[in-house]
Amino acid sequence: MAKKRPQTKAKRPQPTGGADGAVPVVGGREPCPCGSGRRYKACHGRDAAHAVTELVHRPFEGLPGECDWVALRELVPAATVGLTLKDGLPEGVPSVTLATVLPMAWPALRRDDGSVLIGLQNDTSSGDISRDLADTLQRALEAEPGTPVQGRRAPADGPRLQELLAAEGPFEPVVHSGFEFWVPDAENATPEVAASLERANAAAIPTVRLSGVDAAYWCETPEKNHLRWVMPHPEERLLDALARLHAQGRSSLGEGTRLVGSFRAHGLTVPVWDLPSEVRAEDVEKPAAEFAERLAAALAVEEPLTAEERRARGGLTNRQVTLS
């Protein structure tokens, strides 16, 4: 049996990347900027990767419209919303717009006129979507007009969206029937973008955001329609309230509708109702507003659940699906 070579501990070379001693983030297969001679992923990249892999349970917490951020990330095919930066728009950037999806799944796009589009539904490389999106936003603001921004791993100590976006102000998504917002002039789009646009439009499910309540989205599917409503209440308290209403026969949104379960997404709960195919978005505006009043009353109840309410809660819990 061959002898093992004696192990010696060499002093780690000092970082050479930045004036403050920080090691820049580079590709995993590139030489580590610290000068060790090893690849980045086997050297300082190991610490950086570990720092950003911890899952942030509510990545959009603290942002205006947290519930709509979750809906646009997980439920809505085509939507846009203007973003307000905390420090204002840089020179040459007329606007920053959040979009559900961009062509070719680009993380971001700097248009010819300097405006910026940020894609929300892209895969992210860490457990903190907010930090990944903030890194993409910063790079998009500095990109050359007319160029997309490619994905990368965000620096572990980089800012989050909560540090870049204004804490106050409206967050009002505009839901689109298709993805024509990708290009100002669709007829002159490149073949790649045109093909991507065609595929995306073919897959988009008709969706409408209700106007009378927050973060509730009607959608149409071949067999039946649905209402998916992202709610900000703590999950356990919300499930208790829904169970109280369900046990009382007051959890529906009208004749033929039924509360069927809920999603979990980014730390929030999303109750889901089945609707008959003939029920349109405008038909559930009033029932949804009335349900919001019933729910508020149920949330205020402090008494323990009855046996019937506990059974109703168990049924709702068994029909939960975790999206993220």
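How many residues does helix H7 have, and how far does H7 reach from its first C-alpha to its last? Helix H7 (residues 285-299) has 15 residues and reaches 21 Å, close to the 21 Å expected at 1.5 Å a residue; the expected span is 1.5 Å times one less than the number of residues. The model is predicted: local features need pLDDT of at least 70, side-chain atom pairs count only at pLDDT 80 or more, and totals for chains, interfaces and linings use all residues. Residues are numbered from 1 along each chain as its sequence is written, and side-chain values use heavy atoms, with hydrogens and water left out.

**Overall make-up**

- The protein chain has 8 helices and 12 strands; helices (H or I, at least four residues) and strands (E, at least two) are DSSP runs numbered from the N terminus.
- Of the 324 residues in the protein chain, 45% are buried; buried means under 20% relative accessible area, exposed over 50%, and partly exposed in between (1.4 Å probe, protein chains only).
- Among contacts (heavy atoms within 4.5 Å) between residues at least 6 apart in sequence, 60% join residues at least 24 apart.

- The buried residues of H7 are Pro 287, Ala 288, Phe 291, Arg 294, Leu 295, Ala 298 and Leu 299.
- These residues cover an arc of only 135° around the axis, which puts them on the same side of H7; the arc is that of the directions from the helix axis to the C-beta atoms.
- Lys 286 and Glu 293 are exposed on the other side of H7.
- Strand E9, helix H6 (235-247) and strand E11 are what the buried residues of H7 pack against.

**The six-stranded sheet**

- An open sheet of 6 strands runs in the order E7-E8-E9-E11-E10-E12, with mixed pairing; two strands pair if DSSP finds at least two bridges between them.
- Strand E7 (207-209) and strand E12 (320-322) stand at the edges with a single partner strand each, so one side of each has no neighbour in the sheet.
- From one strand to the next, the twist averages 25°; axes are lines fitted to C-alpha atoms, for helices over the stretch in contact, and angles run from 0 to 180 degrees between N-to-C directions.
- Strand E9 (residues 225-229) and strand E11 (residues 268-275) run antiparallel and are joined by 4 bridges.
- His 226 has Asp 274 in E11 as its bridge partner.

**Strand E2 and its partners**

- E1 and E2 run antiparallel and are joined by 3 bridges, with Thr 80 opposite Ala 99 in E2.
- E2 and strand E4 (residues 116-119) run parallel and are joined by 4 bridges, with Ala 99 opposite Gly 119 in E4.
- In a regular strand the side chains alternate between the two faces of the sheet.
- In E2, Val 96 and Leu 98 point one way and Thr 97 and Ala 99 the other way, and all are buried.

- Leu 85 is in the loop between strand E1 (79-82) and strand E2 (96-99), and is buried at a relative accessible area of 11%.
- Beyond its neighbours within four places in sequence, Leu 85 is in contact with Pro 90, Val 96, Leu 137, Leu 141, Leu 164, Leu 165 and Ala 166.
- Ser 130 is in helix H3 (residues 129-142) and is buried, with a relative accessible area of 0%.
- Beyond its neighbours within four places in sequence, Ser 130 is in contact with Pro 59, Arg 160, Leu 161 and Gln 162.

**Aromatic pairs**

- Rings of Phe, Tyr and Trp (its six-membered ring) pair if their centres lie within 6.5 Å; planes under 30 degrees apart count as stacked, over 60 as edge-to-face and the rest as tilted.
- By this rule there are 7 aromatic pairs.
- Phe 60 and Trp 69 have ring centres 5.3 Å apart and planes at 20°, so the pair is stacked.
- Phe 60 is buried at 1% relative accessibility, and Trp 69 is buried at 1%.
- Phe 179 and Trp 182 have ring centres 5.1 Å apart and planes at 45°, so the pair is tilted.
- Phe 179 is buried, with a relative accessible area of 3%, and Trp 182 is buried at 3%.
- Phe 60, Trp 69 and Phe 171 are linked into a cluster by ring pairs.
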